[in-house]
Amino acid sequence: MGHNHSHNHTEGSSKKVLLISFIIITGYMIVEAIGGFLTNSLALLSDAGHMLSDSISLMVALIAFTLAEKKATHNKTFGYKRFEILAAVINGVALILISLYIIYEAIERFSNPPEVATTGMLTISIIGLVVNILVAWIMLRGGETENNLNIRGAYLHVISDMLGSVGAILAVLIIFFGWGWADPLASVIVAILVLRSGYNVTKDSIHVLMEGTPENIDVTDIIQTIEETEGIQSIHDLHIWSITSGLNALSCHAVVDDQLTISESENILRKIEHELEHKGITHVTIQMETEAHNHDNAIICQATIEQPHDHHHH
């Protein structure tokens, strides 16, 4: 139970962080958009567009957190926790698309260097940078940017926008010296960093959706821990996967001595659950069976071990 409480606590603080970040970014975006229309500044409007993508990514992450809190139902026995991973995929793919678009734009600009930028654009870029640094700092301080894929996706959006502001400031300063190629070059460097972030978030999220073994779990160590428990002869049909960030599950069949009483079996189970919780697995399902039962099932189990995709767990 202790772990669950801490999980809920970090989720609560992460949600608050996302909400604050969303309000700051959206507020500044509206100011920029209005400023862009009033001054007829393309630079202002395009930066507001950047901010809009941040705002949307934060909103997606927020919706995912809110949905993840919904209780499990007969229809969704794990609740809506996976929605966070879907949000991370959406954010990761969006980052990849944004970076490819920036590269495409930059190639255009290499052949047609832009006009010398104004001090107005410099001012906007600096304010935008300050807003992004503030939001990134809030997210880094209060959110689970390391362990939660959903938060990480939203955080990387803010960071990519921050890098964009840095690129714009550098480009403006360099354009003053008449180096027209500086702006697209800065854009390409930013785009490559964004592309890398987007790729990593998408890859990690897809790994969770494919029910891959969590990064922080050592399967050999888990097998050893269970098999070394007194009363357990062997295990088979082992599956370890993530339901969502920070919520890992395990299921397996364990062969036990046929002399064991029910209470002894329960003690063994409790001991294993306790050990596994320390190793980052909170949702444990173990089917215990005797040697005789195991032999009856030997062929099926062997096939399952060799071809894991034949076995469906729910």
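**View 1. Residues around the largest cavity.** H50, S53, D54, I98, I102, H157, S160, D161, G164, V190 and V194 line the largest cavity of this predicted model (on a 1 Å grid over the protein atoms alone, a cavity is a set of points where a 1.4 Å probe fits but cannot get out, and lining residues have an atom within 4 Å of a point). Two or more of these residues come from each of α2 (42-68), α3 (83-111), α5 (149-175) and α6 (182-209); helices here are DSSP runs of H or I with at least four residues, numbered from the N terminus. With four residues, α5 provides the largest share of the lining. Sorted by class, the lining holds four nonpolar, five polar and two charged residues (nonpolar: Ala, Val, Leu, Ile, Met, Phe, Trp, Tyr, Cys and Pro; charged: Asp, Glu, Lys and Arg; polar: the others, Gly among them).

**View 2. The cavity itself.** The structure holds one cavity of 30 Å³ or more. The largest cavity has a volume of about 60 Å³, where volume is the space filled by probe spheres set on grid points joined across faces, edges and corners.

View 3. Helix α6 gives the most to the patch, three residues.

**View 4. A look at L185.** L185 is found in helix α6. It counts as partly exposed because its relative accessibility is 36%, between the limits for buried (under 20%) and exposed (over 50%).

**Notes.** Residues are numbered from 1 along each chain as its sequence is written. In this predicted model, local features need pLDDT of at least 70, side-chain atom pairs count only at pLDDT 80 or more, and totals for chains, interfaces and linings use all residues, while side-chain values use heavy atoms, with hydrogens and water left out.

Definitions and conventions. 1 Å grid on protein atoms, 1.4 Å probe; cavity = no way out; pocket = protein on both sides within 12 Å on 5 of 7 lines; lining within 4 Å. Buried < 20%, exposed > 50% of the residue type's maximum accessible area, 1.4 Å probe, protein only.
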